[in-house]
Structures are given as C-alpha cells and as structure tokens.
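The stops below go one at a time, each with something to select and something to look at.

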Amino acid sequence: MTMSVGWYLRRLSRMGPQEVAGRVGDTVRRRRWRSAPPDCPSTTGARFTAVLPAGTIAAVPADAAKRLIAEADRLMDGHAEFFGVLRDDLADPDWWRDPKTGRRAPSGYAFDVPYRSEDAVGDIKQIWEPSRHQYLTQLAAAYAITGNERYAERVAEHLRSWWSANPPLSGVHWISGIELGIRLLSWVWIRRLLDGWPGAADLFEGNPVARNQIWHHQRWLAAFPSRGSSANNHVIAETAGQFAAACAFDWFPSSTRWRADALRSLDRHLRGNTYGSGLNRELATEYHGLVLELGLAALAEADAAAVPVPASVRLVLLRMTDALAAIVDNRLRPPRQGDADDGHGLIVDGAGTDRWGSLLATGEAVFGRLDWWPGVTATDVRTPLLAALIKPYAKNGTGPAVSRPDSRPAHFADAGMTILRGPEEIWCRCDGGPHGFLSIAAHAHADALSVEVRHDGVDVLADPGTYCYHGQPEWRQYFRSTLGHNTLQLDGGDQSVSGGPFLWTRHAQSRVLTAETARWSAEHDGYQGTVHQRKVELTAEIQELRIVDEVRGPRREARLAFHLGPAITADLVGNRAQLTWTRDGEDRSAVLDLPAQLSWQAYRGETEPPLGWYSAGFGCKEPATTLIGTGSTDGAEGFTTVLRFRG
C-alpha cells in the first residue's frame with residue numbers, strides 16, 4: 001500500500017501548527033543524517049549492574065518454567081509463528097525477508113525504504129516482528145532458568161547476526177520508533193537474563209558493535225519522537241525503551257540527558273494516553289495491555305537503577321491495572337474493542353500463558369489486589385521477574401495515598417464503556433464513548449453503540465477483531481467498518497469517515513444517556529441529520545438481553561448486524577435464530593429474536609465483499625456467522641432484538 005497525494009493532504013489537515021513544524025524539522029534532520037552516521041563515543045569501564053536480585057529465578061513457578069522451556073526448544077529448532085504464519089527458518093533467520101509474500105525488503109538509507117508498499121517490501125509486520133527480539137528474551141529466560149548454555153549461545157549468535165546485517169540507519173529496521181524502543185527493552189532484558197553466562201559481558205558492554213547499536217538506537221529515538229496526532233502507544237514504546245536503555249546501559253555521555261528526557265516524556269504521555277478511570281484513550285483494549293506492559297517494564301528499570309520517578313507514573317499504572325481487573329469477563333478475557341496487533345512490551349513466557357492473567361498477577365504483586373478483583377490461578381514467568389525489581393506500591397513511600405474503587409466498577413464515564421453482568425456469567429460490553437484518540441483516531445473502529453456479549457467467556461455476539469493493517473485494504477476496511485460490528489449501519493456508510501488505514505477525518509460523537517447496573521442507553525450523531533439511539537437492558541432473572549434501536553431523522557436504508565462468535569452455530573428461520581455451542585464439554589444454547597421489520601439473512605466466510613469473519617489474532621481470520629437485517633427506518637417503534645439464554 002502506497003500513500004496518495006490525497007492521503008498526505010488529509011493527514012496534514014489533522015495536524016496542528018506545532019506538529020507540522022516538528023515534522024518539517026524531522027524531514028530536515030533525515031536529510032542531514034543521510035551522510036555517514038557518526039561513531040559511538042568511546043566509553044571506558046562500561047558495566048552492567050541492573051541484575052536480578054538473588055533468588056528471583058527460584059521464585060518462577062515450575063509449570064510456567066516448563067511452558068517457557070518448551071517454547072525455547074521450539075525456537076532452537078527454528079520454529080515460530082508470527083501473525084498466523086508458521087516459520088521454520090528461525091535457526092538462521094533472514095532479517096529482511098517476509099515469509100508470507102517471499103519478498104525481501106530493499107537495502108539503502110532507512111528513510112528511503114517504502115515500507116508501506118507490500119509490493120516493494122512485503123508484509124512489513126512479518127519483517128519487523130522477529131527483530132523486536134522478543135523471542136530472544138524467551139531464549140535468554142530459558143538460559144536463566146536452566147543454565148543450559150546452548151540457549152545463551154543462540155541468543156549471542158542471533159544478536160551478532162542482526163547487528164551485522166543492520167548497521168545504523170541502513171534498511172527497514174531503522175524506520176519506526178516503536179520497533180527501536182521495544183528492541184532496546186528486549187536487549188536490556190536479554191543482558192539481565194544472561195548475566196550468569198560467561199560470555200554476557202563480551203556480548204554487550206565489552207563489544208564495540210553492541211555499544212554502537214545501543215547508542216545509535218538511543219540517538220535515533222531522541223531525534224525522532226512520535227509527535228502530535230501520532231503520540232499514541234508508539235510514543236510510550238519509544239520512551240519506555242529509551243528510558244530502560246539509559247538506565248541499564250548508562251555508558252554514554254548522553255545517558256543522563258536521555259534518561260531524564262525519556263522519563264519526562266513517559267510521565268507526560270502515560271497520563272495523556274490514559275483516562276482518569278484507568279482505561280487507555282485509544283479505546284483499543286490490546287493497546288491498553290501493551291501500554292501497561294511497557295509502563296511496568298520502565299518502572300522496573302527505574303527501581304533497579306534507583307532512579308526516582310514521578311508519583312503520577314505509578315498512579316497511572318495502578319489505575320490501568322484496576323481498570324483491567326474491572327472489565328474482564330469471568331475467564332479473564334477483556335473486551336475486543338478497537339484495533340489489535342498482538343503487540344507485547346516484554347515476553348519471557350511460553351505459549352499458553354494467559355496475557356491478561358499475567359498482568360493482573362503482576363498488578364497484585366506490585367500494587368496489591370482489591371477484594372473485588374477476579375481471582376488469578378494461572379502462573380507466569382514475567383510476574384516474579386518484574387516483582388523482584390519494582391518496589392511494592394504501598395511500601396517505602398513509592399506511592400501516594402490514593403482512593404481505589406470499593407467495588408467493581410461497571411461504568412467508565414470518560415471512556416463511554418459500560419459492562420453489564422448477569423447470572424450464568426453473562427457479560428455485555430456497551431460502547432458509547434469517543435470515536436478514538438487524538439485527531440486521527442488511528443486505532444479506532446466505526447463501532448459507535450456496538451455491543452459485545454459473552455456467556456461464560458464464549459463470544460456470542462462478537463466483536464470480529466482486526467486481522468490486518470497493511471497490504472489488504474478491503475479487509476482493513478471491513479474489520480473496522482460499521483457493518484463489521486454489532487450496531488446499525490445507515491445508507492451503506494460508516495458512522496465515522498475514514499481517510500486512510502490509520503486515519504479518520506470525521507468522528508462520530510457519542511453520548512451515554514443511561515448507565516445503571518442492568519440498563520444502558522446512548523446515542524450518536526455519526527449519520528449527519530440523523531441520531532441513532534440504542535437501549536440495552538439485561539434482565540438477570542430470565543437471562544435475557546433486550547436491545548432497542550431507534551432512529552430520529554429522515555428515512556434511511558438500514559442494515560442491522562449481529563456477528564456471532566466462531567464457536568456459535570446458528571439456525572436462522574425468518575427473524576429467529578437458534579444458537580448452540582459447547583463449553584467445557586457441555587451443550588449451551590440461546591434464542592435470538594430479531595426485529596421483524598427487517599429482512600434477515602445469514603452470511604459466513606464471504607469474500608466479495610468480505611462478510612462473516614472473525615479474527616482471533618493479528619494475521620488470522622476464520623469464517624463465522626453474521627446475521628444482517630435489511631430494511632428502512634420507516635416507523636416509530638424502532639428495532640427490538642432479544643437474546644435469551646437457556647438454563
């Protein structure tokens with residue numbers, strides 16, 4: 001995908017004067033940097049002191065260690081999976097090749113590489129992901145647990161290979177700040193986890209190539225921060241990585257300045273990216289997880305290096321953790337709202353580890369759990385590692401006195417999110433919040449007033465997910481469209497207007513009218529001249545969810561969509577759908593009575609155009625049933641949908 005002149009004009013229109021000036025400065029700087037990059041300043045006596053406290057590795061639960069070692073052994077055999085693509089070449093990877101398309105990114109000055117063009121580069125996410133080196137943190141953690149030097153030797157081999165293939169400012173891995181930031185964080189943890197290996201010092205502080213790479217990564221991040229309308233999760237990753245490296249690899253004349261600047265930026269942007277309620281302002285749940293992971297990792301480096309941090313940093317991370325505990329369902333699954341690209345801040349666990357349970361376990365260790373928090377029984381490697389470095393919140397004056405919720409919050413007014421809960425583990429998310437974050441709302445979907453319903457953790461009325469970012473515009477458009485969510489589409493268009501794959505030029509404005517224990521209502525003005533209002537009521541006694549859609553304004557053609565989860569089988573007759581599924585070997589069922597004024601049809605796995613799909617993870621999609629009701633907004637009675645679960 002290449003960007004047209006029209007896209008650049010639309011993108012420019014979403015920037016303020018300060019951002020425009022900053023980007024002009026970035027352009028000038030890129031041209032200046034085209035000449036040979038400077039040498040890393042000479043350093044003497046470089047040492048790595050940010051080691052894990054004694055006994056930390058012994059605290060790793062046995063089952064979590066077993067999962068990690070199994071994952072490490074697969075990696076040693078060259079096997080890995082990135083975004084649905086199975087790879088068997090990771091024993092000796094080509095750092096610039098996309099295995100999905102077979103294309104290899106061109107060489108040359110980094111800022112000349114057309115990374116948005118799949119024809120020229122391939123799938124950029126497939127190329128970038130292994131070079132975050134998070135699979136190497138897994139191998140390093142396997143060494144720390146087992147003492148088996150073959151894991152450490154493989155890590156060293158791959159780092160030396162990467163450093164040789166990717167000299168500063170050359171090629172595709174020097175384009176995006178989020179990649180450099182996460183890579184630096186990985187290197188810090190690799191060095192920490194390899195500390196007992198005799199070759200660790202020669203690989204890092206005693207290696208001029210490693211020092212040069214670390215210095216150039218930090219120089220790059222200091223020069224090209226994400227700014228203005230792009231200051232979302234990317235800037236958190238950039239500043240967290242910069243701060244971590246400046247704490248742990250404090251070997252350079254600029255280290256003190258880089259550390260101070262990164263900490264100020266991290267503090268400002270953590271607050272800017274987070275609502276007072278603790279939810280991430282992008283309203284994309286996976287980015288809530290990413291930002292929380294990055295913030296906790298940065299806090300670990302601060303405490304390991306005895307660097308004081310503003311109280312607001314810990315307070316934001318505390319509120320994010322409490323908010324996460326509040327919104328998950330009974331199986332610890334959070335909403336599937338907005339974009340998701342499976343991005344992680346720090347990976348030291350094996351496959352099968354529950355990401356959200358891991359974050360809550362870390363939150364319990366660092367901040368302390370509240371009585372209403374859901375229980376976490378699963379184990380992980382990361383929690384004892386982070387908890388060994390981060391000072392507990394309530395001790396040593398590391399946290400201010402703060403009021404935490406006495407009971408589980410159900411409504412987050414600033415984010416417009418409401419969670420309705422009922423018996424038999426009925427969970428319903430209602431969306432009446434802002435369209436997204438900042439002027440471009442990069443990771444938003446056109447999903448105003450959508451609902452997401454689960455029963456005992458199973459998606460019944462599902463948010464279909466994200467699937468892709470680059471290279472497949474028709475799929476990108478579908479998964480973030482109004483029709484791609486459980487809400488009402490009018491006149492065949494989206495509620496908000498897209499200007500590109502990460503750009504919205506007009507945002508629907510939503511307003512929550514009612515938010516009670518079992519009732520919610522909201523409205524939005526995304527269709528100009530028309531107001532769509534939705535009411536949702538959960539009657540716990542009969543396990544019934546009632547949804548009423550009303551439209552005020554001129555007659556419009558309407559399509560009402562309900563996307564079923566991939567586990568759900570639907571038998572649609574007229575305007576009634578019998579839903580069945582299995583959970584833990586037990587048959588479950590529900591009845592979905594749909595508005596009779598509309599003509600209903602089931603779709604599954606359609607491609608022209610896309611309809612009836614579910615994406616469980618980035619790069620993956622599978623057919624799922626979507627029910628579409630077609631008609632018009634004539635009449636004043638509205639559209640009533642009733643979902644009734646059977647006991």
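Select C428 first: it stands opposite V453 in strand 6. The model you are viewing is a predicted one.

Now show the side chains of strand 5. I426, C428 and C430 point one way, while W427, R429 and D431 point the other way. Are these residues buried or exposed? Both sets are buried. With a cut-off of under 20% relative accessible area for buried, six of the six residues in 426–431 qualify, so strand 5 is largely enclosed by the rest of the structure.

Next, go to A306, in the loop between helix 13 (285–304) and helix 14 (311–327). Its phi is near 55°, a positive value in a residue other than glycine. A306 is exposed, at a relative accessible area of 61%.

Move on to Q543, in the loop between strand 13 (531–539) and strand 14 (544–552). Phi is positive at Q543 too, near 50°, and this residue is likewise not glycine. Q543 counts as buried, with 11% relative accessibility.

For the last stop, select E608 and P609. Which form does the peptide bond between them take? The bond is cis, with omega near -5°. P609 sits in the loop between strand 20 (606–607) and strand 21 (610–611).

Conventions. Residues numbered from 1 in each chain as written. Predicted model: local features only at pLDDT ≥ 70, side-chain atom pairs only at ≥ 80, totals over all residues. Heavy atoms only, no water. Helix = DSSP H or I, 4+ residues; strand = E, 2+ residues; numbered from the N terminus. Buried < 20%, exposed > 50% of the residue type's maximum accessible area, 1.4 Å probe, protein only. Pairing = 2+ DSSP bridges.
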